[in-house]
Amino acid sequence: MKDLMRIKSLISTEIEALLNKQVQKEAQSSAIYLAMASWCNRNGYDYSSAYFFKQAEEEREHQLKFFKYILDMGGNAISPEITGIKQEYNAFREVFEDALDQEISVTQSINNIYGTCLRMQDFVTMEFLNWFLKEQREEEYKARRALELFEVIGEEGTGRWQIDKHVGDIKYDSEA
């Protein structure tokens, strides 16, 4: 029965494994953003906490999109186990540095899947990934802009309060 199901799957075993790895990466990102939201809340950065709660929800949505796609293609979607999430940060800025690193890591992972799809001529999955590539452009932009607030405003005096207040205002409106 398992072999019969594989024959009917529209994605290769290799692509399915990469997509399941991405499911785990998106779930991990969601958990990381929840931890960041918690840390920000506990340290009085309420706007940043709300920003990271929103990011956590978005990553969860991405996880479910990948999960559902695997199932729609006749594959075996695997619910990931997530452990080892960093809970403490040494500084407000460190939270945003880690957020940018996480977004870059997600982009690299999606690029890897896309490259494999290109090599294997899996044009259906490539089309599915196009939305995520555009989304990652936005996510990296927002993470970089948040870090730029630390440079532009500075952290001294009321700087961290100002940064916290403006984090939620960062928008990406490129139509390209």
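1. A nonpolar core here is a set of buried Ala, Val, Leu, Ile, Met, Phe, Trp, Tyr and Cys residues joined through side-chain atoms within 4.5 Å, where buried means under 20% relative accessible area, exposed over 50%, and partly exposed in between, with a 1.4 Å probe and protein chains only.

2. On the basis of the values, residues are numbered from 1 along each chain as its sequence is written, and side-chain values use heavy atoms, with hydrogens and water left out. As the model is predicted, local features need pLDDT of at least 70 and side-chain atom pairs count only at pLDDT 80 or more, while totals for chains, interfaces and linings use all residues.

3. The protein chain has 6 helices and 0 strands, and along the sequence it follows the pattern α-α-α-α-α-α; helices (H or I, at least four residues) and strands (E, at least two) are DSSP runs, numbered from the N terminus. Taken along the principal axes, the C-alpha atoms of the chain fill a box of roughly 65 × 35 × 20 Å, and 44% of the 176 residues count as buried. Among contacts (heavy atoms within 4.5 Å) with a separation of 6 or more, 76% join residues 24 or more positions apart.

4. The structure holds 1 cavity of 30 Å³ or more, and about 30 Å³ of space lies in the largest cavity. A cavity is a set of points, on a 1 Å grid over the protein atoms alone, where a 1.4 Å probe fits but cannot get out, and its lining residues have an atom within 4 Å of a point; grid points are joined across faces, edges and corners, and the volume is the space filled by probe spheres set on the points. The lining of the largest cavity consists of Y33, Y51, F52, Q55, A99 and A143, with the largest share, 3 residues, coming from α3. By class this lining has 5 nonpolar, 1 polar and no charged residues, where Ala, Val, Leu, Ile, Met, Phe, Trp, Tyr, Cys and Pro count as nonpolar, Asp, Glu, Lys and Arg as charged, and the others, Gly among them, as polar.

5. For α2, the 30 residues should span 44 Å at 1.5 Å a residue, and the end C-alpha atoms are 44 Å apart, which agrees. The 27 residues of α3 reach 39 Å from first C-alpha to last, close to the 39 Å expected, and the 29 residues of α4 reach 43 Å, close to the 42 Å expected.

6. The residues that follow these helices deserve a look at their backbone angles. Most residues other than glycine have a negative phi. Q121 has a positive phi of about 55 degrees although it is not a glycine; Q121 is found in the loop between α4 and α5 and, at 56% relative accessibility, counts as exposed.

7. S30 lies in helix α2 and is buried, with a relative accessible area of 10%; not counting residues up to four places away in sequence, S30 touches A56, E59 and R60. N20 is also found in helix α2 and counts as buried at 10% relative accessibility, and, leaving aside neighbours within four places in sequence, N20 is in contact with I70, N76, A77 and I78.

Terms used. 1 Å grid on protein atoms, 1.4 Å probe; cavity = no way out; pocket = protein on both sides within 12 Å on 5 of 7 lines; lining within 4 Å. Expected span 1.5 Å × (residues − 1).
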